[in-house]
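Here is a brief report on a predicted model. It covers the nonpolar cores first, then the ligand site.

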Amino acid sequence: MPIPTYSTRCTGHRQIAHDVYEFTLAKPDGFSFQAGQFVMFQVPLIDNSSDVQGRAFSIASAPSESQLLFVAKIKQGGRAGRWISEMLKEGDDVTFQGPLGNFTLAGQGEEKLLFLATCSGIAPLRSHLVETLHQGDARPMDLMFCVRKEEDLFWTKELAAIAKGHPNVHIHVSLSQPSSSWKGRTGHVQDVAEQVINDLPERSVYVCGGPEMVKAAKEKALSEWNIPKERVHSEDYV
Ligand SMILES: Cc1cc2nc3c(=O)[nH]c(=O)nc-3n(C[C@H](O)[C@H](O)[C@H](O)COP(=O)(O)OP(=O)(O)OC[C@H]3O[C@@H](n4cnc5c(N)ncnc54)[C@H](O)[C@@H]3O)c2cc1C
């Protein structure tokens with residue numbers, strides 16, 4: 001079956017950290033998705049708008065939220081990077097195909113959740129977090145969110161606000177290359193998980209970020225935390 005195409009409008013666009021942008025789109029009529037899925041934007045070349053290619057972006061908002069939210073880590077010189085940082089603005093028309101992907105919550109038999117994200121890999125995990133809480137899910141959930149430096153941090157207050165009032169939810173932010181003045185946690189997501197979570201083998205793990213981090217975290221989950229492969233889920237941002 002062909003993947004449906006939707007046209008909609010950009011309703012907000014701002015830089016939120018070094019090389020990181022968030023943008024929102026009006027939810028097109030008839031578009032529905034599950035938390036964790038992504039869409040494929042039709043991205044024009046900045047110098048030639050008739051040259052268009054697809055680029056995948058996870059939906060960071062939950063199905064229960066009114067708009068579609070996205071977060072993009074800009075790769076300098078990249079097609080999507082230039083489109084988002086130099087071209088896209090509020091009011092623009094945007095076309096995408098979707099929803100796509102299987103990075104959805106498996107559900108039954110997954111009693112305790114562990115979300116591991118680096119940088120824009122937070123997108124589908126924010127969607128999961130908001131949606132599970134919207135549905136009244138009281139399972140223990142820990143979200144590890146790592147970026148390199150202070151200047152790369154974003155959404156920390158927003159994530160804390162989502163977790164507020166939910167004793168089953170804990171957010172753990174870390175930097176892998178902090179400055180000497182950083183007082184918070186340090187280290188990669190999988191290492192922070194080992195410091196913080198004392199029931200790792202009982203968790204179902206959802207990992208999202210760059211391919212190296214995803215590989216390292218999955219290896220730990222499978223071979224050191226002894227989590228069966230059916231409970232280790234991942235999305236690579238290639
Ligand atoms: C399922 C999925 C979901 C994803 N979701 C997200 C998400 O939510 N947020 C997110 O940030 N990313 C996400 N990604 C990654 C995203 O799709 C793009 O791969 C990423 O944004 C880079 O695309 P680009 O068009 O900017 O780079 P490309 O044009 O594809 O370039 C690839 C690389 O080549 C380099 N390059 C290209 N042209 C030049 C040039 N002229 N000069 C110098 N260097 C150059 C770029 O810097 C980049 O490193 C997702 C990927 C997948 C597969």
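## Cores and ligand site

The largest nonpolar core holds 32 residues. Ile122, Phe154 and Trp155 make the most contacts inside it. Several elements each supply at least two residues of this core: strands S1 (5-17), S5 (67-73), S7 (112-118), S8 (141-147), S9 (169-175) and S11 (203-209), along with helices H2 (122-134) and H3 (156-163). H2 gives the largest share, six residues. Domain 1 (5-100) and domain 2 (112-236) each contribute at least three residues to this core.

Trp155 deserves a separate look. Leaving out residues up to four places away in sequence, Trp155 touches Ile16, Glu22, Ala60, Leu69, Val71, Ile122 and Arg126. A second, separate core has 22 residues, including Leu25, Phe70, Ala72 and Trp83.

| Residue | Protein atom | Distance to a ligand oxygen |
|---|---|---|
| Arg55 | side-chain N or O | 2.5 Å |
| Ala56 | polar backbone atom | 2.6 Å |
| Arg79 | polar backbone atom | 2.9 Å |

How much of the ligand's exposed area does the protein bury? Taken alone, the ligand exposes 970 Å², and the protein buries 66% of that.

How values were computed:
Residues numbered from 1 in each chain as written. Predicted model: local features only at pLDDT ≥ 70, side-chain atom pairs only at ≥ 80, totals over all residues. Heavy atoms only, no water. Core = buried A, V, L, I, M, F, W, Y, C linked by side-chain atoms within 4.5 Å. Buried < 20%, exposed > 50% of the residue type's maximum accessible area, 1.4 Å probe, protein only. Helix = DSSP H or I, 4+ residues; strand = E, 2+ residues; numbered from the N terminus. Domains from an automatic or database assignment. Contact = heavy atoms within 4.5 Å. Polar contact = N/O pair within 3.5 Å; in protein donor to acceptor, adjacent residues only side chain to side chain. Areas by Shrake-Rupley, 256 points an atom, 1.4 Å probe, with all protein chains shown as cover.
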